[in-house]
Amino acid sequence: MAAHRKPRQRSTGGGKARTAATIALAGAATATGLDGTGHAEPQLTPGQVRAKVDKLYQEAEVATEKYNGAKEKAEAAGQRLKGLQEQAARKKERLNTAREALGAVASAQYRGGGLDPALQLALSDDPDRYLQNAEFVERAGNRQRSAVAGVRQQLREIEQLRGAAHIELTSLKSRQSELKRHKKTITGKLGSARQLLTRLTAEERTRLGESPRASRASGARDPLAAPGPAASQAPNSRAAAAVSYAYQKLGSPYVWGATGPNAFDCSGLVQAAYRSAGVSLPRTTYSQIDAGRRVSRSELLPGDLVFFYAGISHVGIYVGNGRMIHAPNPSAPVRVAPLDEMPFAGATRVV
């Protein structure tokens, strides 16, 4: 009897429901792609990767200079705090010595006190000597009062030092927190740049100048990669020495926060070069631009500091013929480069 059953007809409504569900799922997938979740990023051209990487490097360098400034201030606060603590310790030692002396005097008075001075004079076997001693005791009493006043003053000074040390400690902790924030920003930007660069082949990275080996090789072939001509055109011996130092460091790696002798960031290279010439420069680009006399681009001489970007976040050392030596970024070592490589912002002659 089962063979005579009428076959069950397909529900047209079920097909429509499945079709609607398929469309809905497709729409959901499209919507997910639009908001950036679960959808692969579009393939970037090497030029687009380079543009994004350059932007990340520049943002990281801004954070690096802020880190350098915060570190400099933290170190200064730490030195001031150490000085205040040492000063307080020395004053406390002197205070303890003064207290011991006062304690000895007080004990002697307690042991020898009790008799009226007139009665002591009457009972004395040698009144003249007693009177001399009494005058001495009076003078000693004056000195004692002076010693007590001195102890009180020392206590006030120690409290003032402790208050100043507390302020410096608060400043130091604030700078340390600032350092952590900038460090997080730097590592995040550099990490994103590294991820972008992994999309390129070795050949593409070399072509875009992102290969340290290629940068060193091009520097070796560069006829200006020798200090002689640039140093001879420097305005004085110290500028010439700074230029010579920079040439010696060609090929050194870029490491953010580094000031040499084997690795540098941009302002660290400049600071180290002039330090080798006996000139002390501030740590950050923001301060270095004000460390000397401003000069126009047309007035540049070897040894002048050249600055880039509106925020003054990058610096190099001018070496003549429209070129500089600088520490570019983590993907390239210290090298000779044209000034037009970045937007020029100004220049300073240090010496």
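Colleague: Is F344 buried, partly exposed or exposed?

Modeller: This is a predicted model. Buried needs under 20% relative accessible area, and exposed needs over 50%. F344 has 27% relative accessibility, so F344 counts as partly exposed.

Colleague: Which residue lies over the face of F344?

Modeller: A charge sits over a ring if CZ of Arg is within 6 Å of the ring centre and within 35 degrees of the ring normal. Here the distance from the ring centre is 5.1 Å, and the residue over the face of F344 is R297.

Colleague: How many aromatic pairs does a search of the whole structure find?

Modeller: Rings pair if their centres lie within 6.5 Å. A search of the whole structure finds three.

Colleague: Why is the pair of Y67 and W256 edge-to-face, and how many residues apart in sequence are the parts it ties together?

Modeller: The ring centres of Y67 and W256 are 4.8 Å apart and the planes stand at 85°, so the pair is edge-to-face. Y67 belongs to helix 2, while W256 sits in the loop between helix 8 (237-248) and helix 9. The pair therefore ties together parts whose separation in sequence is 189 residues.

Colleague: What kind of pair do F308 and F344 form?

Modeller: Planes over 60 degrees apart count as edge-to-face. The centres of F308 and F344 are 6.0 Å apart and the planes are at 80°, so this pair is edge-to-face.

Colleague: Which strands hold F308 and F344?

Modeller: The pair links distant parts of the chain, 36 residues apart. F308 is in strand 2 (residues 305-308), and F344 is in strand 6 (residues 344-349).

Colleague: Which helix gives the most to the lining of the largest cavity?

Modeller: The largest cavity holds about 50 Å³ of space. Helix 2 (46-112) and helix 4 (127-197) each supply at least two lining residues. With four residues, the one that gives the most is helix 2.

Colleague: How many residues of helix 9 are buried?

Modeller: Helix 9 spans residues 266-276 and is mostly covered. Its buried residues include C266, L269 and Y274.

Colleague: Is T284 buried or exposed, and which residues is it in contact with, leaving aside neighbours within four places in sequence?

Modeller: T284 is in the loop between helix 9 and helix 10 (285-288). Its relative accessibility is 4%, so T284 counts as buried. Leaving aside those neighbours, T284 is in contact with E65, N68, G69 and S267.

Key:
Residues are numbered from 1 along each chain as its sequence is written. This is a predicted model: local features need pLDDT of at least 70, side-chain atom pairs count only at pLDDT 80 or more; totals for chains, interfaces and linings use all residues. Side-chain values use heavy atoms; hydrogens and water are left out. On a 1 Å grid over the protein atoms alone, a cavity is a set of points where a 1.4 Å probe fits but cannot get out, and a pocket is an open set with protein on both sides within 12 Å along at least five of seven lines; lining residues have an atom within 4 Å of a point. Grid points are joined across faces, edges and corners, and a volume is the space filled by probe spheres set on the points. Buried means under 20% relative accessible area, exposed over 50%, partly exposed in between (1.4 Å probe, protein chains only). Contact means heavy atoms within 4.5 Å. Rings of Phe, Tyr and Trp (its six-membered ring) pair if their centres lie within 6.5 Å; planes under 30 degrees apart count as stacked, over 60 as edge-to-face and the rest as tilted.
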